[in-house]
Amino acid sequence: MRTDFIADGTGNGYNKGKRTGGKQMADQMKGRIHSVESFGAVDGPGIRFVVFLQGCPLRCLFCHNPDTWDGKAGREVSAQELVDEILTYRNYIKKGGVTLSGGEPLLQAQFTAEVLRLCKENGLHTAVDTSGCIPLERALPALQQADMLLLDIKDIDPDDAKALTGMTNQNAIATLDYCEKVAKTVWVRHVVVPGYTLNYDKLERLAEFLSGYNCVEKVELLPFHKMGEYKWEVLGEDYKLFDTEEPTQKEMAKVKGIFRSKGILV
Ligand code: SF4
């Protein structure tokens, strides 16, 4: 269930009494969000509160949320307001957690870091759902606060990644290397797009590459779909995958088999 975020300012957060040194920072740290989903079941382990942040530097041809691209759109909230809202759902998400998604949450790395810090302070598990496109040194404050990452590897081939998204996969791989170094859990996400990433040779290479990372707990192989196509039209953007078919169940089964044969959980 995705709803528009309502910062009602009631401040009915559970850590209200604990707001001391960090309060000023949390009140002053502002970010822009697109929307929230209070009972997310597909963005990390368990039932999660998912925040979709506004702004993304990539232009993935298959993007189903182009309405998150514009960093100046959306709603401005403070980290504290957002976490107060999250904490009203605490009983529902205590076995799951909080996921910051987008858009690209690491584009607002300081805000993301502060929201995650407050969530952790309140005992909630934290995840960041990212394309990994933000340079590591800029993303680091937020990465350090995340218990785990949902990390897109859009394409194993750097040039093909650029053609598909507008940027190579260099930063995403640097982010994965960082996670390996600090033993941070990663679920890799890979969208299977006929004519682009549905290429068995490249999928073999990707599976082989990922099998070398201990931090990769599993790979989520997501079939391309066109559910966001209408948004491109509304925004006046040119949707290039108009004629691209969704992968068949048989093709997806074969793709999964490639990863399983390398010992990867899918
Ligand atoms: S990274 Fe996500 S939000 Fe950004 S363009 Fe790609 S699919 Fe869309």
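A: Ala, Val, Leu, Ile, Met, Phe, Trp, Tyr, Cys and Pro count as nonpolar, Asp, Glu, Lys and Arg as charged, and the others, Gly among them, as polar. By these classes, the shell around the ligand in this predicted model has four nonpolar, six polar and two charged residues.

Q: Which residues are around the ligand?

A: A residue is near a molecule if its C-beta atom, placed from the backbone, lies within 6 Å of it. Here Cys 56, Leu 58, Arg 59, Cys 60, Cys 63, Asn 65, Thr 68, Gly 102, Gly 103, Glu 104, Ser 131 and Thr 165 are around the ligand. A cis peptide bond, with omega about 10°, joins Gly 102 and Gly 103. Gly 103 has its place in the loop between β5 (97-101) and α4.

Q: What should be known about the numbering and the predicted model?

A: Residue numbers start from 1 along each chain, as its sequence is written. In this predicted model, local features need pLDDT of at least 70 and side-chain atom pairs count only at pLDDT 80 or more, while totals for chains, interfaces and linings use all residues. pLDDT is the predictor's confidence in each residue, from 0 to 100. The chain averages 92, and 92% of the residues score at least 70.

Q: Where does pLDDT stay under 50?

A: Where pLDDT is low, the predicted coordinates should not be read in detail. In this chain pLDDT stays under 50 over residues 1-19, for which the model has 32 contacts beyond four places in sequence. A contact means two C-beta atoms, placed from the backbone, within 7 Å. For the chain, residues 24 or more positions apart account for 75% of the contacts with a separation of 6 or more.

Q: How many helices and strands does the chain have?

A: The chain has 10 helices and nine strands, taken as DSSP runs numbered from the N terminus (helices H or I, at least four residues; strands E, at least two). The radius of gyration of the chain, over C-alpha atoms, is 18 Å, close to the 18 Å that the globule rule gives for 266 residues, so the chain is as compact as a globular protein of that length. The rule is 2.2 Å times the number of residues to the power 0.38. Along the principal axes, the C-alpha atoms fill a box of roughly 55 × 45 × 30 Å.

Q: What span should helix α4 have?

A: The expected span is 1.5 Å times one less than the number of residues. For the 13 residues of α4 (residues 109-121) this should be 18 Å, and the end C-alpha atoms are 18 Å apart, which agrees. After α4 comes Gly 123, with a positive phi near 80°.

Q: How many residues of α4 are buried?

A: A residue is buried if 20 or more other C-beta atoms, placed from the backbone, lie within 10 Å of its own, exposed if 12 or fewer, and partly exposed in between. In α4, 10 of the 13 residues are buried, so the helix is largely enclosed by the rest of the structure; among them are Phe 111, Val 115 and Leu 118. Of the 266 residues of the chain, 45% count as buried.

Q: Is Val 182 buried or exposed?

A: Val 182, in helix α7 (residues 170-182), is exposed, with 9 other C-beta atoms within 10 Å. Its C-alpha atom is 8.8 Å from that of Cys 215, 33 residues apart along the chain. Ala 183, in the loop between α7 and β8 (185-192), is exposed because it has 8 other C-beta atoms within 10 Å. Phi of Ala 183 is positive, near 55°, in a residue other than glycine.
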